[in-house]
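Student: Hi! I have a model open on my screen and would like to talk through a few spots in it. Can you help me out?
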Amino acid sequence: KAIKSAVSSDPAVLAAKKVYEQRLAAVGITKSQMEFQVSGTAYGGVEDLTDETVGLAVVLNANKLLFDGGQLRSQITANELAAKAALNNYLVTADEKSLEAAMAWVELERYKSLSDLIGSRLVVLDPLITQLEQVAKAGIGDVSQVAAAQRTVSLIRVTQTDVEERLEQAKVNF
């Protein structure tokens with residue numbers, strides 16, 4: 001739903017759709033030139049105020065194109081082809097924006113999953129590091145092992161920070 005909403009409200013997609021609608025309207029306008037063109041005018045008036053002669057005249061004009069050497073047909077065909085091209089451009093634009101939105105969604109889901117995974121690993125590692133420190137303080141364990149474990153946890157925390165930053169950027173992009 002989010003991808004569909006993003007695509008349908010994208011300015012480039014809306015502009016391509018309007019161009020298609022414009023080309024489609026041009027086809028209808030051109031085709032209408034082949035139909036009867038009817039116009040009319042009504043005239044009314046009074047001859048003289050004392051005579052009380054009143055008149056009304058109506059003039060109707062009807063025109064129909066009989067032959068123009070195929071010019072109008074070729075113009076209709078050209079407008080139809082322009083409308084098809086505009087439709088294809090609209091569809092391509094919508095597909096490109098769909099791909100962009102889908103890629104943004106995939107990145108968002110990827111970094112959400114990574115963030116959750118790192119968080120769950122750190123929840124497990126924190127008590128182990130605490131226990132290693134206690135063992136090292138008691139003199140039972142090796143201090144170098146504790147330091148190596150702390151470096152590993154620090155590296156994971158740095159990675160967590162990087163993933164959190166990328167997650168926020170993915171949210172913005174989506």
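This is a predicted model: local features need pLDDT of at least 70, side-chain atom pairs count only at pLDDT 80 or more; totals for chains, interfaces and linings use all residues.

Student: How many of the ten residues of β2 are buried?
Tutor: Zero of the ten are buried, so β2 lies largely in the open.

Student: OK, switching topic to N79. Where is N79 found?
Tutor: N79 is found in helix α3, which spans residues 71–138.

Student: Is N79 buried or exposed?
Tutor: N79 counts as buried, because its relative accessibility is 18% and the cut-off for buried is under 20%.

Student: What does N79 touch?
Tutor: Leaving out residues up to four places away in sequence, N79 touches R23, A26, V27 and T30.

Student: Now the helices. At what angle do α3 and α4 pack?
Tutor: The angle is about 160°, and the axes of α3 and α4 are 8 Å apart. Because angles over 145 degrees count as roughly antiparallel, α3 is roughly antiparallel to α4. Helix α4 is made of residues 143–173.

Student: Is that crossing left-handed or right-handed?
Tutor: The crossing of α3 and α4 is left-handed.

Student: What kinds of residues make up the contact of α3 with α4?
Tutor: The contact of α3 with α4 has 18 nonpolar residues, six polar and eight charged.

Key: Residues are numbered from 1 along each chain as its sequence is written. Side-chain values use heavy atoms; hydrogens and water are left out. Buried means under 20% relative accessible area, exposed over 50%, partly exposed in between (1.4 Å probe, protein chains only). Helices (H or I, at least four residues) and strands (E, at least two) are DSSP runs, numbered from the N terminus. Contact means heavy atoms within 4.5 Å. Axes are lines fitted to C-alpha atoms, for helices over the stretch in contact, and angles run from 0 to 180 degrees between N-to-C directions. Angles under 35 degrees count as roughly parallel, over 145 as roughly antiparallel, 65 to 115 as roughly perpendicular and the rest as oblique. A crossing is left-handed if the near helix is turned anticlockwise from the far one by less than a right angle, and right-handed if clockwise. Ala, Val, Leu, Ile, Met, Phe, Trp, Tyr, Cys and Pro count as nonpolar, Asp, Glu, Lys and Arg as charged, and the others, Gly among them, as polar.
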